[in-house]
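Hello,

I am handing this structure over to you today, and I hope you enjoy looking through it. My notes follow below it.

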Amino acid sequence: MIRILHAADLHLDSPFQALGRERAALRRGEQRGMLERIAAAVRETEADMLVLAGDLFDSDSPYPETARLLEQVLPELGVPVFIAPGNHDWYGPRSPWTRLELGENVHIFTDADIGCVRVPALNARVWGAAFTGRHRSAPLTGFAAEKDGDTIDIMVLHGEVGDPSSPYGPVSEMDLARSGMDYVALGHNHVCSGLRRAGNTFYAWPGCPEGRGFDETGEKGVLLVEAGRRACRAKFMPLGGRRYETLTVDLTGSNDHTATVRSALGRDPARDVYRVILTGTPDTPPDLPRLQSALEGQFFALELRDGTRLSRDVWQGREVLSLRGLYLAKLWERYQAAQTDDERTAIELAARYGLQALENGEEPPLA
Ligand SMILES: [Mn+2]
């Protein structure tokens, strides 16, 4: 069995626009730290090989410090490293790959056609291909490796499994089953697949090692794979990066919104990026700026969204002859006539803010 550390989709030097300049720069620094954690994981697990299945860089212009770090970290590993460029870091004559000096243990697949490298010390062949532009056709069409005794066949590839019309190197189960590979290390999809099997070929993608937005939530990491002839095991390894989480908090019946949000947090979120969506029908509308400043220090970053609706009895008193009553009666008419939920939500908001404004001052009698 060969022990492989399989990582993909690091997207180093992502812009992180939503975080603002300072925290975005911090996050890019942390991404570089993730590269060092992967190297540490290779050592700790005594992996025989590191495979990076594409989108190591987010764009074709990584920062110089990222290039320097790669040049330092990868050669130092002392085990073979195989890289298959993806759609974000595709290989071309002017791509950053051509400017890196990575040492003899690092092999970058540079061709769109599948190539092969023998690793005699591991009794293995490692196959792979590159994106050579933003898109590519199906990399495995018609490919079938002839088996070579008891040599273990590994492939590293960036591509999308299961969607034959994908512009990102579509890969089908049929392709995989016919490939003759023992393990195919894939990248592209950012959610870990777990270990899968097509015919005698095992395959997986690890997802990105750390989330970068609210579409990449939860625990992220890499795969530790043990691959042999027709046998394979894979273990998901979280690397302790920041997590993106979305939390829904129902404020119905809460008279202390800050406390309610706090108690809804299952774990210490200090390292995490949270989106908290407030729901339910609280008696008073949530005061977002106040909540934001009360909670902010507990998260790396916090985004609050108000999805609450007024409790039913906000409409109470619309028959009373007062400014409040008339205001509510007018809105109630429109609420009843509303065609969509969006419209109803907007009218409820109008009622909420109007009432707040009215109730903070003295309500003038009408007659
Ligand atoms: Mn990709």
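Helices (H or I, at least four residues) and strands (E, at least two) are DSSP runs, numbered from the N terminus. Please keep in mind that this is a predicted model, where local features need pLDDT of at least 70, side-chain atom pairs count only at pLDDT 80 or more, and totals for chains, interfaces and linings use all residues. Residues are numbered from 1 along each chain as its sequence is written.

Let's begin with the whole chain. It has 7 helices and 17 strands. Its C-alpha atoms fill a box of roughly 95 × 40 × 35 Å along the principal axes. The radius of gyration, taken over C-alpha atoms, is 27 Å, while a compact globule of 367 residues would have one near 21 Å (the globule rule is 2.2 Å times the number of residues to the power 0.38).

The domain assignment, which is automatic or from a database, gives domain 1 (2-238) and domain 2 (244-360). Their centres, taken over C-alpha atoms, are separated by 44 Å. Domain 1 brings 7 residues to the contact and domain 2 brings 5; two residues are in contact if their C-beta atoms, placed from the backbone, lie within 7 Å.

Now to strand 10 (residues 183-187), where 5 of its 5 residues are buried. Buried here means that 20 or more other C-beta atoms, placed from the backbone, lie within 10 Å of the residue's own. In a regular strand the side chains alternate between the two faces of the sheet. Y183, A185 and G187 point one way from strand 10, and V184 and L186 point the other way.

Which strands run parallel to strand 10? Strand 7 (residues 152-158) is joined to strand 10 by 5 bridges in parallel, and L157 has L186 as its bridge partner there. Strand 12 (residues 201-204) also pairs with strand 10 in the parallel sense, over 3 bridges, with Y203 in strand 12 as the bridge partner of V184.

There is also an open sheet of 6 strands in the order 4-3-2-1-13-14, with mixed pairing. Strand 4 (106-108) and strand 14 (231-238) are its edge strands, each pairing on one side only. Strand 13 (residues 221-228) and strand 14 run antiparallel and are joined by 8 bridges; the bridge partner of G221 in strand 14 is P238.

Best wishes

Notes
A residue is buried if 20 or more other C-beta atoms lie within 10 Å of its own, exposed if 12 or fewer, and partly exposed in between; C-beta atoms are placed from the backbone. Two strands pair if DSSP finds at least two bridges between them.
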